[in-house]
Amino acid sequence: YLWESGEAARARAHLLGRGLDEAMLREFRVGFAPSAWDRILVGSREGGFTEAELYDAGLAQRSPERPGSLYDRFRARIMFPLCDNRGRVLGFGARAMNPDQTAKYVNTADNEIYHKGQHLYGIQLARTAATKAGSVIVCEGYTDVIAMHQAGLRNAVGLMGTALTADQLAELRRHAPVVTLALDADAAGQEATLKAARLAAKHQIELRVMILPAGTDPADLLERTGSDALPGMAETSVPFVRFRVERVLATGETGTAEGRDRMLALLAVELADIGPGALRVELERLVVARLGLPESVVGPLLRASGSGRPARSVGATTAAFALDARERSERAFLALCIALPREGRTALAGLDLDRVFTGELNRRAAAHLVEHLDEPGRDLDDPDDGELGAVVAELAVRAADAPAQPAQLEAERLQLELALLDREILVARASGRGGQSELAARRREVKAAVERALTLALEQTAGDRG
């Protein structure tokens, strides 16, 4: 229907306009759902399927206006079949083509045969190549996977609208010991990369990261540059620890001794499991170059802080033991407070701003929002305080685009608490004082709460899209 019907012309133009070849789209069995409300329903009945089977399979849904009657779940959408590793179709991902359709993507809901957290898009086509290569590339979107295959990277698979799960990692490990993440180069994609790393360690998977240009995904690159750029980016993927070091160096505060102390303390934790060798030397030299400090100072600081022994601070302050200076995470929380003012007011009221916020400017922004959450731009007329105004304006813009799920706000609040606990544990360990076991127990509780909140946020987002 995608290739032969008149009403699918816009869908064909969209797919081909992204640089995707018809032959590759056919190999992935991409299709199009007619716009009529009962076309699939009627055709399936004629094929011998019952209404109960169509409903259970997620192809039909009940009408709210006419109790007991069914209509097609997927209409006027590009259809991406979601298969198991033997190529059997379990469900569909569907992209809207009409501007009046409220949800851009609609996926088959979990049912008896389809469980989105257990499967990987394109695994039936990628598994042989992944086994031969000893590695598999993980993307986010359906067209990202197709773009990778078209570029010759036949070992690429995709997430089915979820963060990478333990079940998916177990499936990946059955095919290859190395997993390269090629997730979107935005904040959400980077956070998804960090969550994947925690799971990968449990499955003895070597995790690497494919660095994408800012604001792009694999399908964007195929559309802009053809098939040439993606293989080179895959070949130059970096170990996950290198990605983490680069991220800390890119987001930390380098203008003050205290800021560099915080970065060194965090980097020491990231490098704690990296033993002596070429990779460790390379990463330490990278830190030396970025922070502008002598190699004779950086190496001992990283090794001492990572082992839990007191480190001699560059700025001679206890900031050397701060575990986390992630201003980006703090701003994500503040943006969600603006997006959800009722819940945000409660969340802010429960925080000790001086302890929770590691960045001075973020701390001031939080204090401003405590008083002006309903009108963030109010009382920002001081011409000598342009920095605060710029941060609040940025937060307001981000709030307009935020997922605005209460569970996501709770997850971000818990992440701040987790970061605070990490800093307190590192200080307690470095100073030799007691209370470490109580802090560690509380950290386990908060970490479990973060995972529950993130799961709930994903479910809320999926429900909104459905």
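Select Cys 83 first. In this predicted model, Cys 83 has a relative accessibility of 2%. Buried means under 20%, so Cys 83 counts as buried.

Now pick Cys 139. Its relative accessible area is 0%, and Cys 139 is buried too. Next, look for sulfur–sulfur links. A disulfide is a covalent bond between the sulfur atoms of two cysteines. There are zero disulfides in the structure.

Move to the sheet. Colour strands S8, S7, S9, S10 and S11 in that order. Together they form an open sheet of five strands with mixed pairing. Which strands stand at the edges? Strand S8, residues 156–158, is at one edge, and S11 is at the other. Each has a single partner strand, so one side of each has no neighbour in the sheet.

Zoom in on strands S7 and S9. Select residues 135–139 for S7 and 178–181 for S9. The two strands run parallel, joined by four bridges. For one of the residue pairings, show Ser 135: its bridge partner in S9 is Val 178.

Last stop: Ser 237. Find the loop between helix H10, residues 229–235, and strand S11, residues 238–239. Ser 237 lies in that loop. Buried or exposed? Ser 237 is buried, at a relative accessible area of 8%. Now display its contacts, leaving out residues up to four places away in sequence. Ser 237 touches Thr 180, Arg 208, Val 209 and Met 210. Keep Thr 180 highlighted: strand S9 covers residues 178–181, and Thr 180 is one of the residues touched by Ser 237.

Terms used
Residues are numbered from 1 along each chain as its sequence is written. This is a predicted model: local features need pLDDT of at least 70, side-chain atom pairs count only at pLDDT 80 or more; totals for chains, interfaces and linings use all residues. Side-chain values use heavy atoms; hydrogens and water are left out. A disulfide is a pair of cysteine sulfur atoms within 2.5 Å. Buried means under 20% relative accessible area, exposed over 50%, partly exposed in between (1.4 Å probe, protein chains only). Contact means heavy atoms within 4.5 Å. Two strands pair if DSSP finds at least two bridges between them.
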